[in-house]
Amino acid sequence: MIFTDKEIAYLKGQRIGRLATVGTDGAPQAVPLGFTLNDDGTIDIGGPNLSTSKKWRNIQANPRVAFVIDDMTPDEPGAVAPGWGRGVEIRGEAELITGQRPAYGNPEFFSEETIRIHPRRIISWHLDAGRLRFSRTIVQASA
């Protein structure tokens, strides 16, 4: 797995993230949506009529994406940076998959299309008391 144990625990405890893509006009688009972390370290995103969405068209033109999962740290004794933001940013390339629903969500609601993010760089913050910011680049073949 390319994520640290702290990142995995955090990602598995979250339900929503923000996917950023770039349109053909160069304008960014960011949308909140659900996701699932796969055992191989990829992220799957689904939804209704996914292939008709702007995010799908943006990825067809440019597969480079960023995906941010974040929230506020608990404001309790012993918490890492109590009351601060924490999260994980995943930069990478998205793969468009047809004929497959993601492993989460209502199968009657989601179309048989999945956006799969292959991480290339991971940046996390305030997940571990020993490291307030952690960043690394993952070297893999492109999707």
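**Entry 1. Elements**

I noted that the model is a predicted one. Reading along the sequence, I wrote down the pattern α-β-β-β-β-α-β-β-β-β.

**Entry 2. The whole chain**

I next looked up totals for the chain. The protein has 143 residues, and 48% of them count as buried.

**Entry 3. Helix α1**

Which residues of α1 are buried? I recorded E7, I8, Y10 and L11. Viewed down the helix axis, these buried residues of α1 fall within an arc of 165°, so they line one face of the helix. I then turned to the opposite face of α1, away from the buried side, and found the exposed residues D5, A9 and K12 there.

**Entry 4. Helix α2**

I repeated the search for α2, which spans residues 54-61, and found K55, W56, N58 and I59 buried. These residues lie on the same side of α2 because they cover an arc of only 160° around the axis. What do the buried residues of α2 pack against? I listed the strands β1 (16-22), β2 (28-34), β5, β6 and β7.

**Entry 5. Strand pairing**

I followed the pairing from β5 onward. Strand β5 (residues 64-72) pairs with strand β6 (residues 85-98) in the antiparallel sense, over nine bridges. Within this pair, M72 has G85 of β6 as its bridge partner. Strand β6 also pairs with strand β7 (residues 113-128), again in the antiparallel sense, over 12 bridges. Here I noted that the bridge partner of T98 is E113 in β7. As a reminder for myself, side chains in a regular strand alternate between the two faces of the sheet.

**Entry 6. The nonpolar core**

I looked up the largest nonpolar core, which has 28 residues; F3, L19, I45 and F67 touch the most other members. At least two core residues come from each of α1 (5-12), β2, β4 (43-45), α2, β5, β6 and β7. The largest share, four residues, is that of β7.

I then selected F67 and asked which residues it touches, not counting those up to four places away in sequence. The contacts of F67 include L19 and I45, which are also named with F67 among the residues touching the most other core members. Further contacts of F67 include G17, R18, L33, F35, I43, V88, E89, I90 and I117.

Is T36 buried or exposed? I found that T36, in strand β3 (residues 36-37), has a relative accessible area of 17%. Buried means under 20%, so T36 counts as buried. Leaving out residues up to four places away in sequence, T36 touches T42, I43, D44, A103 and Y104.

Lastly, I looked up G105, which lies in the loop between β6 and β7. G105 has a relative accessible area of 47% and is therefore partly exposed, that class lying between the limits of 20% and 50%. Where does G105 stand relative to T36? The two are 69 residues apart in sequence, and their C-alpha atoms are 9.6 Å apart in space.

Notes: Residues numbered from 1 in each chain as written. Predicted model: local features only at pLDDT ≥ 70, side-chain atom pairs only at ≥ 80, totals over all residues. Heavy atoms only, no water. Buried < 20%, exposed > 50% of the residue type's maximum accessible area, 1.4 Å probe, protein only. Contact = heavy atoms within 4.5 Å. Pairing = 2+ DSSP bridges. Arc of directions from axis to C-beta. Core = buried A, V, L, I, M, F, W, Y, C linked by side-chain atoms within 4.5 Å.
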